Amino acid sequence: MKGFIGDPAIYLVRGDGHLDVGKAIGTNGTLTVTPDMGLKDPFSGMVNIQTGEVGDDFAYYYAVSEQTPSVVNVGVLVNPDGSILAAGGFILQLLPNATEEVISACEAVAAKMKPVSTLISEGKSIEDMIHMYFEDANILEYKGIRWYCGCSHEHYKDALATLSDHDLQEMIDDGKGADIHCQYCNKEYKFTPEELKEVLELKERG
């Protein structure tokens, strides 16, 4: 998943002292989800933002776009200096043909859930959280997550090739080359005028 914030300096707090995420995001927009299932034509689902609260809007997306009743619990605790104390999330979804007994049990769990960021700050692991709410749960599979950005010098070289010949020539003529900032991971990439000439020559040959 990739994302960046248009205004990372925004800081809004509700009356109870929690961050006002809903107000910061607002409701004038859409939530679009495009799962990569390895298909030739990927499916995209889109819904209007309802509250601006991330968990609520993703739950709404699952219910409306995928017809899958879901509980989405996401949260973040922020230190006074702006650094992250704890952040995490999980999704609870019903499988097809779930019985009324299972549905009622899940509704009871959803009603008593603590914020996931609070549980993380208390030192709870994801296994602890699962067994806290579902004592007889069996964990079937683990999938690791990591901080990773797929950007590279070559990637942005290809991106430069999408510019017009005129724009590339202007950057070559001014002698400064091009500086590109990745909005996802904040890496900086420098392209010399000579490298821009290579890009332009490849475009002209292609």
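These legends describe close-up views of one predicted model.

**View 1. Helix 7 packs against helix 8.** Helix 7 covers residues 165–173, and helix 8 covers residues 193–205. Two packed helices are described by the angle between their axes and the distance between the axes. Here the angle is about 155°, and the axes lie 9 Å apart. Angles over 145 degrees count as roughly antiparallel, so helix 7 is roughly antiparallel to helix 8. The crossing of helix 7 with helix 8 is left-handed. From helix 7, the contact uses D165, L168, Q169, M171 and I172. From helix 8, it uses P193, L196, K197, V199, L200 and K203. Sorted by class, the contact of helix 7 with helix 8 has seven nonpolar, one polar and three charged residues.

**View 2. Helix 6 packs against helix 8.** Helix 6 spans residues 153–160. The angle between helix 6 and helix 8 is about 55°, and their axes are 10 Å apart. That angle makes helix 6 oblique to helix 8. The crossing of helix 6 with helix 8 is right-handed. On the helix 6 side, H153, K157 and L160 make the contact. On the helix 8 side, the partners are E195, L196, E198 and V199. By class, the contact of helix 6 with helix 8 divides into three nonpolar, one polar and three charged residues.

**View 3. The largest nonpolar core holds 16 residues.** Which residues have the most contacts inside this core? They are C151, Y156, L160, F191 and L196. Several elements each supply at least two residues of the core: helix 6, helix 7, strand 5 (178–181), strand 6 (188–191) and helix 8. Look next at L160. Beyond its neighbours within four places in sequence, L160 is in contact with L168, M171, I180, F191, L196 and V199. Another core lies apart from the largest one. That other core has nine residues, among them L92, C106, L119 and M129.

**View 4. Y62 and S65 sit in helix 2.** Helix 2 runs over residues 54–65, and S65 lies in it. Y62 is found in helix 2 as well. Is S65 buried or exposed? S65 has a relative accessible area of 19%. Buried means under 20%, so S65 is buried. Y62 is buried too, with a relative accessible area of 15%. Now turn to their contacts. Not counting residues up to four places away in sequence, S65 touches F43, G45, M46, V47 and Y60. With neighbours within four places left aside, Y62 is in contact with Q67, T68, S70, V72, I91 and Q93. For scale, take Y62 and R146, which are 84 residues apart along the chain. Their C-alpha atoms are separated by 25 Å.

**View 5. T68 lies in the loop between helix 2 and strand 3.** Strand 3 covers residues 70–78. T68 is buried, with a relative accessible area of 18%. Which residues does T68 contact, leaving aside its neighbours within four places in sequence? They are Y62, A63, Q93 and L94. T68 and L94 are 26 residues apart along the chain. Their C-alpha atoms are separated by 7.0 Å.

View 6. Start with N97. N97 is found in the loop between strand 4 (84–93) and helix 3 (100–112). Its phi is positive, about 65°, although N97 is not a glycine. N97 is exposed, with a relative accessible area of 76%. Now take N186. N186 lies in the loop between strand 5 and strand 6. N186 is not a glycine, yet its phi is positive, at about 70°. Exposed means over 50%, so N186, at 52% relative accessibility, counts as exposed.

**View 7. K112 lies in helix 3.** Is K112 buried or exposed? At 54% relative accessibility, K112 counts as exposed. K112 and F90 are 22 residues apart in sequence. In space, K112 and F90 are 15 Å apart, C-alpha to C-alpha.

Methods
Residues are numbered from 1 along each chain as its sequence is written. This is a predicted model: local features need pLDDT of at least 70, side-chain atom pairs count only at pLDDT 80 or more; totals for chains, interfaces and linings use all residues. Side-chain values use heavy atoms; hydrogens and water are left out. Axes are lines fitted to C-alpha atoms, for helices over the stretch in contact, and angles run from 0 to 180 degrees between N-to-C directions. Helices (H or I, at least four residues) and strands (E, at least two) are DSSP runs, numbered from the N terminus. Angles under 35 degrees count as roughly parallel, over 145 as roughly antiparallel, 65 to 115 as roughly perpendicular and the rest as oblique. A crossing is left-handed if the near helix is turned anticlockwise from the far one by less than a right angle, and right-handed if clockwise. Contact means heavy atoms within 4.5 Å. Ala, Val, Leu, Ile, Met, Phe, Trp, Tyr, Cys and Pro count as nonpolar, Asp, Glu, Lys and Arg as charged, and the others, Gly among them, as polar. A nonpolar core is a set of buried Ala, Val, Leu, Ile, Met, Phe, Trp, Tyr and Cys residues joined through side-chain atoms within 4.5 Å. Buried means under 20% relative accessible area, exposed over 50%, partly exposed in between (1.4 Å probe, protein chains only).
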